[in-house]
Structures are given as C-alpha cells and as structure tokens.
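Me: I would like to go through some terms used for protein structures and understand what stands behind each of them. Could we look at one example together?

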Amino acid sequence: DHDPWEGLMEKLKAVMPGPAVGPSPGEPSSPGGLCLIQSSLAGWSAGGEYYNPPLVLVLDFSNAPVDHMLVAQTYHDVSLAAPGDLILTDEHSPVGELFIECWNTYTLRPQDLAGPVTFVSQQVLDSVRTLQSQPAAYPDWAMHPRPMTQHDVRLYFRKMEVEVGFFFSSQAVAALMDEVDLETLLGYGSVSELRDAITKVSPGVAWADPGPHSLDEALVLANFPDERLPLAAAEPDQETVTAKIVTVKTGAIWSFEPVPTRIIAKSGQDDALTISGQIVGLPPAKPRRLLCVWVDPGGTPRRPEDLSWDETTGHFLVSFSGADPARGHMELVCLCELAEG
C-alpha cells in the first residue's frame with residue numbers, strides 16, 4: 001500500500017530549496033515552518049502502537065530556559081477535519097491540501113525536526129494562533145469543517161492524534177527537563193561555552209560533525225584522542241567501553257576524563273536492547289547524574305527508555321528501544337560535583 005506520508009514528503013522535496021512563502025530565515029524552528037519530526041524518534045508505545053513522525057507547524061520558539069518550540073500537529077486527509085481544525089487548500093499550503101489541528105499543540109526541541117522545511121504565510125500562522133483560543137473564529141478564506149455528531153469517527157481519530165502528539169512530545173519534554181537540570185549543575189549558557197570549557201581542561205577532545213545541539217549532547221558526544229583511551233580489559237571475554245567522568249565545582253568543569261566501563265550483560269527482547277554494566281573507579285566527588293545515549297551511525301542520539309544506576313558502586317542498567325547492537329554504540333557520562341571550599 002502507498003504510504004500517504006511518503007507522498008507528503010515528495011511534495012516537501014518538490015518545494016525545497018525554493019523560496020519560502022512565509023517567515024524567514026528558513027530554520028526548522030522558525031514560526032510558520034512546516035516540517036516532519038525526525039524519523040529516529042518513531043517507535044512503539046507502551047500500548048503496542050507504532051507511531052510514525054507527523055508533519056508539524058511551528059507556532060512559537062523560545063530559548064528560555066533552553067531551546068524549545070510550540071508546534072501544532074497536521075494531517076493530510078481533510079475529510080477527517082473537525083471544528084477547530086484549519087483546512088488549507090493548495091492556495092494556502094505549499095505542500096498541497098492538509099489541515100492543522102489548532103487544538104493539538106505540544107512542545108518539541110529544534111533537533112527533533114527533520115528537513116526539508118517549507119513555510120506557511122503569516123496569514124495562516126495568525127489564523128492558527130487565533131483558533132487555538134477561539135475554535136469558531138475562522139478567517140473569511142477558510143473552509144468550515146463539518147460539525148461533530150454523537151458517534152462521529154472523528155472523535156476516535158482525535159483521540160489517536162492526541163496519543164501521537166503525546167508520544168513525541170513526552171520524549172522532548174523529558175529531554176528538556178534533563179537539560180534544565182543540567183543547567184542548574186553547569187554554569188554554561190550555551191553549547192559553545194561548554195565545549196570551550198571541556199577542551200580547556202581536556203585538550204584533544206573533539207566532536208564529529210554536525211556537532212552537539214544541547215548541553216547533554218556536548219558531554220556524551222565528546223571524543224577523546226586515541227592515546228587517552230583506557231586500555232582494553234585484561235580478560236579476553238570481558239567487554240569494555242569508555243565512559244566519561246565530568247567533575248564540576250560551583251558550575252565550572254574541573255576535569256573531563258575517560259574511564260573504563262565493564263559491560264556485564266546485553267540482551268535484546270521485544271525490540272529493546274538492555275545493557276548492564278559498571279563504571280570502574282568513580283572519583284571521591286559526589287556523583288550527581290548519569291547520562292546515557294545510543295548513537296546510530298549518522299543518526300540522532302537515542303535516549304534510553306529506562307535507566308537506573310547505583311551511585312556508590314557504579315553499576316547501571318539501561319534499555320534502548322529499537323537499538324541495533326550491530327549498528328551503533330552506547331555513550332555514558334557520569335557528572336560528579338566537588339564540594340565548595
């Protein structure tokens with residue numbers, strides 16, 4: 001069967017890299033931008049449903065306390081539009097007929113969006129913002145969706161759309177909360193400031209292109225030069241990886257060092273990869289956070305579904321959804337805080 005999202009993607013490709021029809025510059029996080037959510041964020045819900053990334057419209061962007069944006073979900077089959085949805089015909093949509101779910105809005109991060117991106121007009125963007133608070137306040141040019149009936153199939157459709165939005169927004173919000181927590185521990189206002197601080201205390205550390213988008217990515221995606229990597233385990237059957245110990249005092253990084261980490265067991269079940277291990281030789285500084293991601297080749301760092309660890313022994317248990325051990329690797333960072341004085 002033909003996937004309607006594939007058709008939509010072809011339309012997006014057709015209009016790019018042509019001129020934007022609305023706000024500029026053409027960043028995915030600019031208000032008015034229409035963009036797909038990153039394919040790497042697709043996955044299975046706890047209830048067993050698989051969610052493909054939808055096309056979203058960026059409504060607002062903010063960098064306080066960390067970069068985030070408000071988006072509205074869209075759908076391509078206008079027969080499912082209901083009161084409160086804004087139907088766009090070819091005249092107002094650069095990617096063909098679709099409708100914007102003005103009531104179904106949620107938070108994402110800029111790195112959650114994938115290209116290509118195109119834009120709606122300021123007129124459309126203003127109309128969506130109005131319909132958010134006044135669902136009946138349609139502009140003169142807009143088609144009015146059919147009223148709802150008692151057993152309308154669109155009621156079920158809206159429930160599914162809310163679940164889709166929650167699946168993607170919950171990943172973003174969890175990451176944003178981690179980022180805010182990191183900002184209370186790290187006294188750096190930007191990724192570039194943090195990178196400069198790391199290279200100052202740990203010369204030779206580098207990042208692969210395109211580079212980190214957030215504070216936590218700057219920590220987990222940092223690469224040590226080969227000469228600084230710990231030696232392989234003495235036991236031939238003992239798998240080890242390199243973790244990073246980051247020591248912080250009053251918000252400033254004091255040290256950034258590689259440490260050996262024993263992998264105790266790996267298991268794959270129900271499309272999830274579970275890894276247990278131990279970070280060897282934690283410093284006397286108080287451990288505060290364990291950051292962990294799965295890095296696919298050329299993909300967005302994948303955050304774990306579950307993560308638990310023992311601050312005193314360094315033992316951890318982490319689970320990644322959809323991770324392929326043959327096509328990626330795990331990155332670990334332990335943040336420790338030195339007492340003031």
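Me: Which residues is serine 93 in contact with, leaving aside its neighbours within four places in sequence?

Reply: In this predicted model, serine 93 is in contact with Leu88 and Leu98 once those sequence neighbours are left aside, and the word contact is used because heavy atoms lie within 4.5 Å. Serine 93 itself belongs to the loop between β6 (85–88) and β7 (98–108).

Me: Why is serine 93 called buried?

Reply: The word buried is kept for a relative accessible area under 20%, and serine 93 has a relative accessibility of 6%, so it counts as buried.

Me: Is aspartate 216 buried or exposed, and how do you know?

Reply: Aspartate 216, which lies in helix α5 (residues 215–220), has 6% relative accessibility and therefore counts as buried. Its side chain also makes a polar contact with the side chain of serine 214, at 2.4 Å.

Me: How much of the protein chain counts as buried?

Reply: Of its 341 residues, 46% count as buried, and the chain as a whole has 5 helices and 15 strands. The protein chain exposes about 16700 Å², with carbon and sulfur atoms supplying 53% of that area.

Me: Why are β12 and β13 said to stand at the edges of their sheet?

Reply: The open sheet has 7 strands in the order β12-β15-β9-β10-β11-β14-β13, and its pairing is mixed. Within that order β12 (286–295) and β13 (306–309) each have a single partner strand, so one side of each is left without a neighbour in the sheet. From one strand to the next, the twist averages 25°.

Me: How do you know that β9 and β15 pair?

Reply: Two strands are said to pair if there are at least two bridges between them, and strand β9 (residues 239–249) is joined to strand β15 (residues 329–337) over 5 bridges, in the parallel sense. Along this pair, threonine 247 stands opposite cysteine 336 in β15.

Me: What makes β13 and β14 a pair as well?

Reply: Here 4 bridges join β13 to strand β14 (residues 315–321), and the two run antiparallel; because at least two bridges are needed, they count as a pair. Aspartate 306 stands opposite serine 319, while the bridge partner of leucine 307 in β14 is valine 318. Together β13 and β14 form a hairpin with 5 residues between them, and glycine 314 in the turn has a positive phi of about 85°.

Me: Why is β14 described as largely enclosed?

Reply: Of the 7 residues of β14, 5 are buried, so this strand is largely enclosed by the rest of the structure. Strand β11 (residues 272–279) is also joined to β14, by 7 bridges and in the antiparallel sense, with alanine 272 standing opposite serine 321.

Notes. Residues are numbered from 1 along each chain as its sequence is written. This is a predicted model: local features need pLDDT of at least 70, side-chain atom pairs count only at pLDDT 80 or more; totals for chains, interfaces and linings use all residues. Side-chain values use heavy atoms; hydrogens and water are left out. Buried means under 20% relative accessible area, exposed over 50%, partly exposed in between (1.4 Å probe, protein chains only). A polar contact is a pair of N or O atoms within 3.5 Å; within protein, one must be able to donate a hydrogen and the other to accept it, and residues adjacent in sequence count only if both atoms are side-chain atoms. Accessible areas come from the Shrake-Rupley method with a 1.4 Å probe; for residues, only the protein chains shown count as cover. Axes are lines fitted to C-alpha atoms, for helices over the stretch in contact, and angles run from 0 to 180 degrees between N-to-C directions.
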